[in-house]
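I opened my notebook to get to know a structure that was new to me. Here it is, so that you can follow along.

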Amino acid sequence: MKEEEVNRCQIQEWYPKFKSVSIKTQIHELPESFIQYLLDDSGPFLLPVSISNDDALPNRIHNPEEEEDYQVSEGFGDESEKPLPPPSFPELELKIKESIKSLGGSVFPKLNWSAPKDSAWISTIGTLQCTTFSEITLLLRASDSLIHDLCHAYDSCTDKSLSRPPSFFLALRKWYPSLQPEMEFRCFVWGQNLVGISQREVTTFYPVLLEKKSNIEWLIRQFYEDQVRLKFESENYTFDVYVTKDERVKVLDFNPWGAFTLPLLFNWEELEQNTGEEGDQVDFRIVESQCGVRPGMKTAVPFDYLDTSSGSGWDQFLRNADEELQQQIRSSEAGA
């Protein structure tokens, strides 16, 4: 993998080319002071002061007696030390407020490559839906997965010369409450040929996909040929799409081949072997029964809270699910 391949997958790079076939998005360059705020773990978890007086956790109960436990009494310790004031980013907050309004009042945030999916648990509604700058900041500040964007985006590059991109961007994407998770798919391109498609949300079995599979595959293959193949310059990459009720395909994201990108119902080795001549049948995989779900690929709590070590309950469950999936694949191949 080359640095240029990783850079092409930044949303501020690909979105202008695919705006007409993607979801509405507003992109803002982030000041370096905000990036340093996201990275700072030397002190308490402080949200920026909102010039709009917005609260990221409006439903919390304030208990003055408990809050006093965290206040240092006068005359205790070094009196010359005073707590630092909470940060404030008024210009950025105003720009984001305008963008949220223009996108219908609700958005979900994303940095150059990643969305803070691992911090959805801290939101009052348990999703990435945000209506204020404070809610966006809470998700970004609480996310561990965004450390990838901030510090490790180029770690897998063979020509690595950067530790981070020169600029970071915040993409605000319009929130569509009616989106159905079963209609999102990850597509795998090797040598500019579409070689695989996987159900994106693999923690659930959706019977409707069994009857729609052939039509969905046709729609995605046509979309790739008409809209993606000649516009995206990399040889090997993945892209995520959403198929609407009226059978339109929308591109949601691009990711590099391998490295930090999840292959979902595949592994990278079998995808690289599935590189036959152009026009060969694409390997399209969905969860075909309740036994085939992959529960470990989406969690509502931080990954650290899960015990996936060898021999644990989660480890055995994942092994059983993988064995069931392989049996399904062998059975379908035998019946073909």
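How many aromatic pairs does a search of the whole structure find? I ran that search on this predicted model, and it came back with 22.

**Entry 1: two ring pairs.** I looked up W113 and Y154 to begin with. Their planes stand at 90° and their ring centres are 6.0 Å apart, so I noted the pair as edge-to-face. W113 belongs to the loop between β2 (107-110) and α6 (133-142), while Y154 belongs to the loop between α7 (146-152) and β3 (169-174).

Next I turned to F185 and F284. This pair is edge-to-face too, with 5.7 Å from centre to centre and 75° between the planes. F185 is in strand β4 (residues 184-190) and F284 is in strand β8 (residues 283-285), so the pair ties together parts that lie 99 residues apart in sequence. I checked burial here as well: F185 and F284 are both buried.

**Entry 2: charges over rings.** F284 turned up again, with the charged end of K213 over its ring, 5.7 Å from the centre. I also found K174 over the face of Y176, and the distance to that ring centre is 5.7 Å.

**Entry 3: the core.** Which residues touch the most other members of the largest nonpolar core? I got F185, F239 and F254, in a core of 66 residues. Helix α8 (residues 208-228) gives the largest share of this core, seven residues. Domain 1 (3-174) and domain 2 (181-335) each supply at least three residues to this core.

**Entry 4: around F254.** I listed the contacts of F254, leaving aside neighbours within four places in sequence. They are C9, W14, F18, V228, F232, Y237, T238 and F239. Several of these names came back when I followed ring pairs: W14, Y15, F18, Y224, F232, Y237, F239 and F254 are linked into a cluster.

Terms used. Residues are numbered from 1 along each chain as its sequence is written. This is a predicted model: local features need pLDDT of at least 70, side-chain atom pairs count only at pLDDT 80 or more; totals for chains, interfaces and linings use all residues. Side-chain values use heavy atoms; hydrogens and water are left out. A nonpolar core is a set of buried Ala, Val, Leu, Ile, Met, Phe, Trp, Tyr and Cys residues joined through side-chain atoms within 4.5 Å. Buried means under 20% relative accessible area, exposed over 50%, partly exposed in between (1.4 Å probe, protein chains only). Helices (H or I, at least four residues) and strands (E, at least two) are DSSP runs, numbered from the N terminus. Domain bounds come from an automatic or database domain assignment. Contact means heavy atoms within 4.5 Å. Rings of Phe, Tyr and Trp (its six-membered ring) pair if their centres lie within 6.5 Å; planes under 30 degrees apart count as stacked, over 60 as edge-to-face and the rest as tilted. A charge sits over a ring if NZ of Lys or CZ of Arg is within 6 Å of the ring centre and within 35 degrees of the ring normal.
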